[in-house]
Amino acid sequence: MTIGDIAPKKERKSRKSKHVVDEKAPLLPKRQDEDGGFDEFNGASFTGAVFNLSTTIVGAGIMALPATMKVLGLILGVALIIFMAFLTNASIEFMLRFSRAGKTSSYGGLMGDAFGKYGRILVQVCVLVNNIGVLIVYMIIIGDVLSGTSSSGVHHAGVLEGWFGEHWWNGRTFVLAVTTLGIFSPLACFKRIDSLSFTSALSVALAVVFLVITVGISIIKLISGTVPMPRLLPAVTDMTSFWSLFTVVPVLVTAYICHYNVHSIDNELEDSTQIKPVVRTALALCSTVYIMTSIFGFLLFGDATLDDVLANFDTDLGIPFGSLLNDAVRVSYAAHLMLVFPIVFYPLRLNIDGLLFPSSRPLSQSNTRFALITIGLITVIFLGANFIPSIWDAFQFTGATAAVCLGFIFPAAITLRDRHFIATKKDKILAIFMIVLAVFSNAVAVYSDALALFKKNPGPTA
């Protein structure tokens, strides 16, 4: 069965009392017995599921959050981060409730149950657009951090170039090739998402390392009196500045997107009743990291905070061992993204298999298909990262649009469709609110980004 299969799955409370036949599916639950496989796997643990979901949530978006504080101010910015966490929890709760009612085991299956074949295809296409864009961005950032970049016209040295000087072996293409072959490819070969729980825990730990260093630098500068008072509220002086507030919404939406992995994690849980506590724990953990990163990142750099706060760590921090701390921040973040890569890659492979081979046998049973899809996707991502020097503008238009569909519009549409008649009046009001907020804010954000892009790159005049 592929990601798009909408065949019913048996409701289950705990897997401990069930025969191992339900646990031989590393990708998605099967409906029939299989020979061989993962007989020893009795279900993923609560902790492993939390780490996998947290790693799905915390990606490159964390680096843009301090810039949202610059636009919104600390009070409104923190309030919106918390609000988006609650809204994300509500959208995932919609997904889980309607999945149980329709006995579906995937996001594509859930959309297929509500809207038929084209609903399933639509969610698969959105996952492809979002995840391929995200993974190319991850690889570009890793190349920028380790090997440097000249995409802005000015060369910014990477960590390896700063340490060893400029050589062929620390050039961008070679470093990304080694990273792809030595790290991405092996981690992408796991057929069960629970196999990534250890690397996910390490990834979360690296995000915490980045946070601890940022907090430490901020405290040192606070004690020395070199940190100005940050702005608490947005500076709205005209309609342009008012509309610009909405440009942060795609950043906040993208920061919490994890919906495409919820079913995979739920399918492998030892006790499926734990999925809601898993979601809430992961959201609480990530929200804490997001809030602290936003506050201390903005506190550290103030109005000089860049769209990608990592770029701010390329300057003199004005404290002892500042250069060492800069390198520690950048290296820990690059390592974090390396370990996030397989978690985002996992649903990408499932969805493209479901899109291309909707009637084929399970991907876990076809090593040839599994290998070809894995190699093909990694090759596309590698080439994209090498031949597209900077895709931030494209990512804002494609990734953010697909992300808002996956995170809010699709779950809300499923609730309004209410094929199983289980949605309450409150559910439908919240669903309408999600859709209106998502469509309006993203339309304004895309318009503002397009306007800024055209102003930055004016066409030739007569």
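Student: Is Asp 427 buried or exposed?

Tutor: Start with the cut-offs: buried means under 20% relative accessible area, exposed over 50%, and partly exposed in between, using a 1.4 Å probe and protein chains only. Asp 427 has a relative accessible area of 10%, so Asp 427 is buried. Two cautions apply. Residues are numbered from 1 along each chain as its sequence is written, and side-chain values use heavy atoms, leaving out hydrogens and water. This is a predicted model, so local features need pLDDT of at least 70 and side-chain atom pairs count only at pLDDT 80 or more, while totals for chains, interfaces and linings use all residues.

Student: In which helix is Asp 427 found?

Tutor: Helices (H or I, at least four residues) and strands (E, at least two) are DSSP runs, numbered from the N terminus. Asp 427 is found in helix α16.

Student: With which residues is Asp 427 in contact, leaving aside its neighbours within four places in sequence?

Tutor: Contact means heavy atoms within 4.5 Å. By that test, Asp 427 touches Phe 94, Arg 97, Thr 415 and Ile 422, once neighbours within four places in sequence are set aside.

Student: How many residues are in the chain, and what percentage are buried?

Tutor: The chain has 462 residues, and 55% of them are buried. Its elements are 16 helices and two strands. Take the contacts between residues at least 6 apart in sequence: 82% of these join residues at least 24 apart.

Student: How many salt bridges does the structure hold?

Tutor: A salt bridge is a side-chain nitrogen of Lys or Arg within 4 Å of a carboxyl oxygen of Asp or Glu. The structure holds eight. One of them joins Glu 93 and Arg 97, at 2.7 Å from N to O. Both residues lie in helix α3 (residues 74–102), four residues apart, about one turn of the helix. Arg 97 is at 22% relative accessibility, so Arg 97 counts as partly exposed.

Student: What is the spacing between Asp 327 and Arg 330, both in helix α13?

Tutor: Three residues, about one turn of helix α13 (residues 322–356). Asp 327 and Arg 330 form a salt bridge, their closest N and O atoms being 3.1 Å apart. Asp 327 is at 14% relative accessibility and therefore buried. Arg 330 is at 11%, so Arg 330 counts as buried too.

Student: Which parts does the pair of Lys 428 and Asp 418 tie together?

Tutor: The distance comes first: the closest N and O atoms of this salt bridge are 3.8 Å apart. Lys 428 lies in helix α16 (residues 425–456) and Asp 418 in the loop between α15 (392–417) and α16, so the pair ties together parts that are ten residues apart in sequence. Lys 428 is partly exposed because its relative accessible area is 31%. Asp 418, at 7% relative accessibility, is therefore buried.

Student: Now helix packing. What describes two packed helices?

Tutor: The angle between their axes and the distance between the axes. Axes are lines fitted to C-alpha atoms, for helices over the stretch in contact, and angles run from 0 to 180 degrees between N-to-C directions. Angles under 35 degrees count as roughly parallel, over 145 as roughly antiparallel, 65 to 115 as roughly perpendicular and the rest as oblique.

Student: At what angle do α3 and α4 cross?

Tutor: Roughly 70 degrees; the axes of α3 and helix α4 (residues 107–115) come within 10 Å. That angle makes α3 roughly perpendicular to α4. From α3, the contact uses Met 95, Phe 98, Ser 99 and Gly 102; from α4, Tyr 107, Leu 110 and Asp 113.

Student: How about α1 and α11: what is their angle?

Tutor: Helix α1 (residues 46–57) and helix α11 (residues 259–268) pack at about 165 degrees, with axes 10 Å apart. That makes α1 roughly antiparallel to α11. Ala 49, Asn 52, Leu 53 and Thr 56 of α1 meet Tyr 260, Asn 261, Val 262 and Ile 265 of α11.
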